[in-house]
Amino acid sequence: MAWIEAFHIIAVITWFAGIFYLPRLFVYHAMSDDQISKDRFVIMERKLYWGISTPSAIATVVLGTALVASAPDFYLSQGWLHAKLTLVALVIVYHISCWWFLVRFRENRNTHSHVFFRYYNEAPVLALIAIVILVVVKPF
């Protein structure tokens with residue numbers, strides 16, 4: 001189980017690295033004026049989303065499910081886990097919303113400013129802080 005937990009943590013770190021950086025690319029993409037830059041950002045965003053973030057998200061969910069399945073009676077009775085899983089579900093929704101913005105940029109239909117994406121970029125930070133506190137402190 002220690003190996004599964006270790007790889008789960010690695011997958012979480014990789015996933016969050018991707019969802020921290022992708023909206024930052026959206027900031028720069030929204031600020032870009034020339035087509036060459038826009039085309040480059042479309043490629044970078046696609047590779048980050050499909051090559052790193054999404055596989056890491058899948059690995060996170062699969063490995064996390066394996067951890068819970070190792071002792072379901074224990075884990076499913078823990079309030080902190082239910083709170084954590086709720087936050088993970090919200091991060092998955094955020095991840096999917098990144099895909100939606102990625103498509104909008106690719107189709108040259110983005111309507112949001114770089115300022116919007118600067119704020120949008122902060123949401124997963126708050127989720128990560130809460131998730132780590134729940135897992136480490138187990139407040140309930």
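Reply: T54 sits in helix α2; helices here are DSSP runs of H or I of at least four residues, strands are E runs of at least two, and both are numbered from the N terminus. This is a predicted model, in which local features need pLDDT of at least 70 and side-chain atom pairs count only at pLDDT 80 or more, while totals for chains, interfaces and linings use all residues. Residues are numbered from 1 along each chain as its sequence is written, and side-chain values use heavy atoms, with hydrogens and water left out.

T54 has 13% relative accessibility, so T54 counts as buried. The cut-offs are under 20% relative accessible area for buried, over 50% for exposed, and partly exposed in between, with a 1.4 Å probe and protein chains only. Contact means heavy atoms within 4.5 Å. Setting aside neighbours within four places in sequence, T54 touches Y49 and H95.

T54 and H95 both belong to the contact of α2 with α4. On the α2 side, the residues are V42, E45, R46, Y49, W50, S53, T54, A57, V61 and V68. Their partners in α4 include L81, I92, H95, I96, C98 and W99. By class, this contact has 13 nonpolar, three polar and three charged residues. Ala, Val, Leu, Ile, Met, Phe, Trp, Tyr, Cys and Pro count as nonpolar; Asp, Glu, Lys and Arg as charged; the others, Gly among them, as polar.

Now the geometry. Helix α2 covers residues 35-70 and α4 covers residues 79-106. They pack at about 160°, with axes 11 Å apart. Axes are lines fitted to C-alpha atoms, for helices over the stretch in contact, and angles run from 0 to 180 degrees between N-to-C directions. The two helices are therefore roughly antiparallel. That label needs over 145 degrees; under 35 is roughly parallel, 65 to 115 roughly perpendicular, and the rest oblique. The α2 and α4 crossing is left-handed: the near helix is turned anticlockwise from the far one by less than a right angle, whereas clockwise would be right-handed.

Helix α2 also packs on α1, residues 2-31. Their axes come within 8 Å and cross at roughly 155°. So α1 is roughly antiparallel to α2. This crossing, too, is left-handed. The contact of α1 with α2 has 22 nonpolar, eight polar and three charged residues.

Next, the rings. The structure holds 17 aromatic pairs. Rings of Phe, Tyr and Trp (its six-membered ring) pair if their centres lie within 6.5 Å; planes under 30 degrees apart are stacked, over 60 edge-to-face, the rest tilted. Y49, the contact of T54, pairs edge-to-face with W50, at 4.9 Å centre to centre and 85° between the planes. Y49 is buried because its relative accessibility is 4%. W50, at 47%, counts as partly exposed. W100 and F101 are also edge-to-face, at 5.2 Å and 70°. W100 is partly exposed at 42%, and F101 is buried at 6%.

Finally, the whole protein. There are six helices and zero strands. The C-alpha trace spans about 55 × 25 × 20 Å along its principal axes. Of the 140 residues, 36% are buried. Among contacts with a separation of 6 or more, 77% join residues 24 or more positions apart.
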